[in-house]
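Student: I have a model on my screen and want to learn how to read it. Can we go through it step by step?

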Amino acid sequence: MILPHLKASTREQHERAEAHLNLMDPALDRRRYGDVLRTMRSLYGTLEPRVGARLGEAGRAALDWPARLKVPLLDRDLRALDVAPAADLDAGTVDVFLRDEADAWGAAYVLEGATLGGQLVRRHLEARLGLRDEGTAFYSSYGPLTGPRWRAFGEALEARVAQGPDPATFAARATDAARRTFGLFVDRPAAAPEGRRPDPGRPVTRSLT
Ligand code: HEM
């Protein structure tokens with residue numbers, strides 16, 4: 001089973017990502033939430049199309065990939081909050097490790113997993129910032145379908161790994177890509193503050209050890 005392995009291999013990075021975003025901060029304000037959304041938009045803007053392309057037709061079909069795209073949700077939130085759009089992360093930062101289908105599954109694990117804390121975050125956004133529907137599309141993502149969609153993702157991933165031809169190598173590549181993808185979230189500034197040029201991305205180094 002690859003899922004428990006992915007979870008264990010990225011547990012520490014998840015903790016750091018959560019702490020780094022600090023979205024559950026009781027002092028969260030609208031401006032910082034906007035900055036977090038801009039960071040997400042710049043990362044998903046670069047990652048999502050590349051993951052989709054490398055998953056291939058069968059992978060996209062297995063995942064119902066178009067229904068999982070988050071860039072439209074992030075754009076909707078940025079517009080609703082009247083926050084300036086964010087530039088995509090430099091493609092080279094992603095292309096250096098996202099090269100084949102196994103890499104894409106590993107990166108998709110991170111992008112999909114990031115929706116799991118959404119219900120928690122959403123409640124906090126409502127309590128702290130008074131945001132209900134407007135401005136919370138990304139963190140609402142699949143709403144009540146979050147659990148079923150995560151399970152479907154896990155089943156599709158396990159099936160793909162088992163399909164071969166070399167499950168061990170596939171799993172190793174996917175795990176490495178998941179760690180590198182997490183690294184983009186962990187090792188970047190929490191957000192490029194609005195009004196400043198967004199950081200075009202820098203090579204991921206610290207997270208790769
Ligand atoms: C606001 C910060 C975050 C909170 C509060 C949060 C919360 C959570 C929670 C509660 C779960 C467990 C859900 C469950 O087991 O049913 C989870 C899982 C997960 N989260 Fe986060 N998360 C946050 C940020 C992120 C980010 C930024 C990423 C990725 C970039 C991420 C990736 C994941 C992944 C991959 C899992 C699945 C772990 C597994 O294999 O079971 N999370 N998160």
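**Reading the fold**

Tutor: Start with burial. Of the 209 residues in the protein chain, 38% are buried. Keep in mind that this is a predicted model.

Student: How many helices and how many strands are there in the protein chain?

Tutor: The protein chain has nine helices and zero strands. Along the sequence the pattern reads α-α-α-α-α-α-α-α-α.

Student: What share of the contacts joins residues 24 or more positions apart?

Tutor: Take the contacts in the protein chain with a separation of 6 or more. Residues 24 or more positions apart account for 83% of them.

Student: How do I describe two packed helices?

Tutor: Use the angle between their axes and the distance between the axes. Now the case here. Helix α5 (residues 101-113) packs on helix α9 (residues 167-186) at about 45°, and their axes are 7 Å apart. The crossing of α5 past α9 is right-handed.

Student: Which residues make the contact?

Tutor: From α5 they are Ala-102, Asp-103, Trp-105, Gly-106, Ala-107, Tyr-109 and Val-110. From α9, they include Phe-170, Arg-173, Ala-174, Ala-178 and Phe-182. By class, the contact of α5 with α9 has ten nonpolar, three polar and three charged residues.

Student: Pick one residue. What does Ala-178 touch?

Tutor: Leaving out residues up to four places away in sequence, Ala-178 touches Leu-6, Ser-9, Thr-10, Gly-106, Ala-107, Tyr-109 and Val-110.

Student: And the nonpolar core? How many residues does the largest one have?

Tutor: The largest nonpolar core has 42 residues. Those with the most contacts inside it are Val-51, Ala-107, Ala-108, Leu-111 and Ala-178. At least two residues of this core come from each of α1 (3-21), α2 (30-63), α3 (71-80), α5, α6 (118-129), α7 (137-140), α8 (146-162) and α9. Helix α2 gives the largest share, nine residues.

Student: Let me try another pair. At what angle do the axes of α2 and α8 cross?

Tutor: They cross at roughly 150°, and the axes come within 9 Å. Gly-59, Ala-62 and Leu-63 of α2 make the contact with Phe-153, Ala-156 and Arg-160 of α8.

Student: How do those residues divide by class?

Tutor: The contact of α2 with α8 has four nonpolar residues, one polar and one charged.

Note on methods:
Residues numbered from 1 in each chain as written. Predicted model: local features only at pLDDT ≥ 70, side-chain atom pairs only at ≥ 80, totals over all residues. Axes fitted to C-alpha atoms, helices over the stretch in contact; angles between N-to-C directions. Helix = DSSP H or I, 4+ residues; strand = E, 2+ residues; numbered from the N terminus. Left-handed = near helix turned anticlockwise from the far one by under 90°. Contact = placed C-beta atoms within 7 Å. Nonpolar A, V, L, I, M, F, W, Y, C, P; charged D, E, K, R; others polar. Core = buried A, V, L, I, M, F, W, Y, C linked by C-beta atoms within 7 Å. Buried ≥ 20, exposed ≤ 12 C-beta atoms within 10 Å, placed from the backbone.
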